[in-house]
Structures are given as structure tokens and as C-alpha cells.
Amino acid sequence: MSALVARPTMEIAPGAIHVPGWLTLHEQRELVAACRTWATSPVPIRHTRLPRGGVMSVQTVCIGWHWQPYRYTRTADDVNGEQVAPFPDWMVRLGRRAVCEAYHDQQTADRYTPDTALINFYDGQARLGMHQDNDEHSPAPVVSLSIGDSCVFRVGNTQTRTRPYTDIELASGDLFVFGGPSRYVYHGVPKVHQDTADPACGLGSGRLNITMRVTGLTEPEDTW
Ligand code: MD3
Ligand code: FE
């Protein structure tokens, strides 16, 4: 997007860094292509079912580890029972570049080794309520990449799911890194702005968000 008004890199809260337009259109298209593959197999993208009977309006597929409320497993037991696709090395390297861009600290970046990503797809009506991500057993940063339609992203506080919060716009190609004191902030997506994407990003409609995480998990030990 060629912008009349510049969108500079901003620290939204301590450790929460927004880098607008970080991904090139070429990188966005490559990520969309990878996500299209992951969305079909080995585990199809789906509306996650919640324990109390609801379903999320966002559609999600996972790589590396499978997330279901509120734990990670290697197999998608709430979908088709298959083991999820491996987390590729190229995405580890992309995650390290993202952390380096956000924190300007090569050592921190080199040590960052994400092992799972949640790939969320939003149609024009989808929303994500305010929540904390605390099913990971590691305080390492979360790296978020957005592609397609822009949205309102709500960054709250670590104490409550209510105010005070800051609403910012996330657009195609934007990077967000949540680390340090912001790792456990409440956050959500109250609104998607339909038909706002450059078609050259590779997505016809809707919004794609990829969040890389460090689960801090290892395989279960063999039981005797
Ligand atoms: C802050 N995804 O998958 S991305 C999620 O746009 C999630 O799909 C949103 O919230 C989306 O859990 C927001 C930004 C984000 C992602 C994970 C975080 C912010 C975060 C984890 C901890 C703190
Ligand atoms: Fe989240």
C-alpha cells in the first residue's frame, strides 16, 4: 500500500512492537500459498469448538503443535485425529528476523525458536474476543503477521479483559511482536474492514493472521 500518511514502527506497550508494512507483497503471497496448503491437509482448517459448546467465528489451522482450548497436542484430536504439519525451518528463520526487527537484539533473535503457529482466517463477520494466550509453557515472544483485509486490533492490559485498551489498525504485511511485559496482555480483534486489501497480497477476501509461538513443550515420554 502506498500511504499518504506514514505508519511508523511503534511501541504500543512495553515489549509490544508494531512494524507496519514489514512483509513485502511477494512474501505475503508466499505465506498465503503455504497457508492454503496447510488449510487442507493433514488437518483441515475449521471453526474451533469451545468447551462450553460454542464455536469460534475465526477459522484456525495449526502447524508444529495443534491448539485446542486450552492445550497443545501433536494430533488434532478435536478435528480428524491426524498429526499436524511440521513447523518449517524457514518459518523459524522468519520468526528470528521478526524478533530482530522488533527488539534490535541479535542475541535474543538467534535464541528465538518458535515451534508452533496458529493460522487464523477471518471472513468479514469474524471476531476474536478479548483473551490472554497462556497455554504456552514459555514466556518467549509471540510473533504475529497479518495478510489481507485490515482490522481493528485491541491491545488491553494484563489484569482485566476490559479497559484500559488501545485500538490500532493492523493491515496487510504488518508485523506485531509481543514480548516481555506485554506477553500476557489481553487482546482481541473486534472488527475486520472488508475489501481493504491489495489483491496482490494473494488473498481474494478476508484476513489471515499467523502467530508463531514457543510452546515450551516436548514430546511426552514413552510410558513403560
Ligand atoms: C499478544 N490472534 O491467535 S494477532 C491468537 O489477529 C490471536 O488473529 C489475533 O490473538 C489475530 O491468539 C491477534 C496478535 C497477537 C497474537 C498473540 C498474542 C497478540 C498477542 C499473544 C500474546 C500477547
Ligand atoms: Fe491471542
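Predicted model: local features only at pLDDT ≥ 70, side-chain atom pairs only at ≥ 80, totals over all residues.
Local features are reported for pLDDT of at least 70 and side-chain atom pairs only at pLDDT 80 or more, whereas totals for chains, interfaces and linings use all residues. Residues are numbered from 1 along each chain as its sequence is written, chains are lettered from A and ligands numbered from 1 in the order in which they are written, and side-chain values use heavy atoms, with hydrogens and water left out.

Strands (E, at least two residues) and helices (H or I, at least four) are DSSP runs numbered from the N terminus.

Ligand 1 is surrounded by 17 residues, of which the closest are Tyr-122, Asp-133, His-187, Arg-207 and Arg-213; a residue counts as near when one of its heavy atoms lies within 4 Å. This shell divides into six nonpolar, seven polar and four charged residues, where Ala, Val, Leu, Ile, Met, Phe, Trp, Tyr, Cys and Pro count as nonpolar, Asp, Glu, Lys and Arg as charged, and the others, Gly among them, as polar. At least two shell residues each come from strand 7 (116-122), strand 8 (128-131), strand 9 (142-148), strand 13 (187-192) and strand 14 (207-213). Strand 14 provides the largest share, four residues.

Polar contacts (pairs of N or O atoms within 3.5 Å) reach oxygen atoms of ligand 1 from the side chains of His-187 at 2.9 Å, His-131 at 3.2 Å and Asn-209 at 3.4 Å. Of the 490 Å² of accessible area that ligand 1 has on its own, the protein covers 97%, as computed by the Shrake-Rupley method with a 1.4 Å probe.

Most residues other than glycine have a negative phi, and most peptide bonds are trans. The peptide bond from Pro-69 to Tyr-70, however, is cis, with omega near 5 degrees, and Tyr-70 belongs to the loop between strand 5 (66-68) and strand 6 (71-73). Another cis bond joins Arg-163 and Pro-164, with omega about 0 degrees; Pro-164 is found in the loop between strand 10 (151-155) and strand 11 (166-170). His-104, although not a glycine, has a positive phi of about 50 degrees.

Definitions and conventions: Polar contact = N/O pair within 3.5 Å; in protein donor to acceptor, adjacent residues only side chain to side chain.
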